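Thanks for coming. I will go through the fold first, then the pockets, and finish with one backbone detail.

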Amino acid sequence: LSIPTGPLAPEQLDQLLEAGYRRSGRFFYRTRCPQCVACEPLRLEVEKFRPSRSQRRAQKLGDTRLHAQIAPPSVDPRRLDLFNRHRRERQLSQGETEVGESDYRTFLGNTCAESAELSLWFEDILIAVAIFDIGNTSLSAVYCYFDPDYSWLGPGTYAILQQLAFARKQGFRWLYLGMMV
């Protein structure tokens, strides 16, 4: 567990990501169980990534039906409702109480790295949010949540594809997606 004492330079974030660390709030961690080495960081080399057939379908559907915006991370009642509903309906809350504004900020907003929020909109309805960190040569997908009623649009897949497009446009080499078991 590592707690940075101040803002990280983009190069420092890249070093932590390359060493297998992930971020939750202001904390960095690396999964390491005593008897297991199954968890490995998952990253995509942006220029070499080629979408699968189903990913191309998700891209086409998202491009025609969704509007994407990138801005600094924010919290408001719609985002809180969406976050809690996603956790509850996808059984990610494990019986925990709903997350309030302070907990949301602690988990997704308070960071020592430069971060951004990708929001996906269907007409004028916010249906998905993805938070990502910005290094010098890499982006790191921190967390994504979406309205389960819009699962038919593939918002999780589309959010990753949009982060890849952003990374490509900005000249980043890597997109870190999390841990793979």
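Reading from the N terminus, the elements of the chain come in the order α-β-β-β-α-β-α-α-β-β-β-α-β. That amounts to five helices and eight strands. Please keep in mind that this is a predicted model.

How compact is the chain? Its radius of gyration is 16 Å, close to the 16 Å that the globule rule gives for 181 residues, so the chain is as compact as a globular protein of that length. Along the principal axes, the C-alpha atoms fill a box of roughly 40 × 40 × 35 Å.

Of the 181 residues, 43% count as buried. If we take the contacts with a separation of 6 or more, 71% of them are between residues 24 or more positions apart.

On to the pockets. Rolling a probe the size of a water molecule over the atoms shows where empty space is left.

The largest pocket holds about 240 Å³ of space. Which residues line the largest pocket? They are A130, A141, V142, Y143, C144, F146, G156, T157, A159, I160, Q163 and L177. By class, the lining has nine nonpolar residues, three polar and no charged.

The second largest pocket has about 190 Å³ of space. Its lining is made of R22, R23, S24, Y29, T31, F107, V142, Y143, L177, G178 and M179. Here the elements that give two or more residues are β1 (22-24), β7 and β8 (174-180). How does this lining divide by class? Six residues are nonpolar, three are polar and two are charged.

If you compare the lists, V142, Y143 and L177 line the largest pocket, and V142, Y143 and L177 also line the second largest pocket.

Last, the backbone detail. Most residues other than glycine have a negative phi. E123 is not a glycine, yet its phi is positive, at about 55°. Where is E123 found? It is in the loop between β5 (114-122) and β6 (125-134). Is E123 buried or exposed? With a relative accessible area of 65%, E123 is exposed, because the cut-off for exposed is over 50%.

That is the end of my part.

Methods: Residues are numbered from 1 along each chain as its sequence is written. This is a predicted model: local features need pLDDT of at least 70, side-chain atom pairs count only at pLDDT 80 or more; totals for chains, interfaces and linings use all residues. Side-chain values use heavy atoms; hydrogens and water are left out. On a 1 Å grid over the protein atoms alone, a cavity is a set of points where a 1.4 Å probe fits but cannot get out, and a pocket is an open set with protein on both sides within 12 Å along at least five of seven lines; lining residues have an atom within 4 Å of a point. Grid points are joined across faces, edges and corners, and a volume is the space filled by probe spheres set on the points. Ala, Val, Leu, Ile, Met, Phe, Trp, Tyr, Cys and Pro count as nonpolar, Asp, Glu, Lys and Arg as charged, and the others, Gly among them, as polar. Helices (H or I, at least four residues) and strands (E, at least two) are DSSP runs, numbered from the N terminus. The radius of gyration is taken over C-alpha atoms; the globule rule is 2.2 Å times the number of residues to the power 0.38. Buried means under 20% relative accessible area, exposed over 50%, partly exposed in between (1.4 Å probe, protein chains only). Contact means heavy atoms within 4.5 Å.
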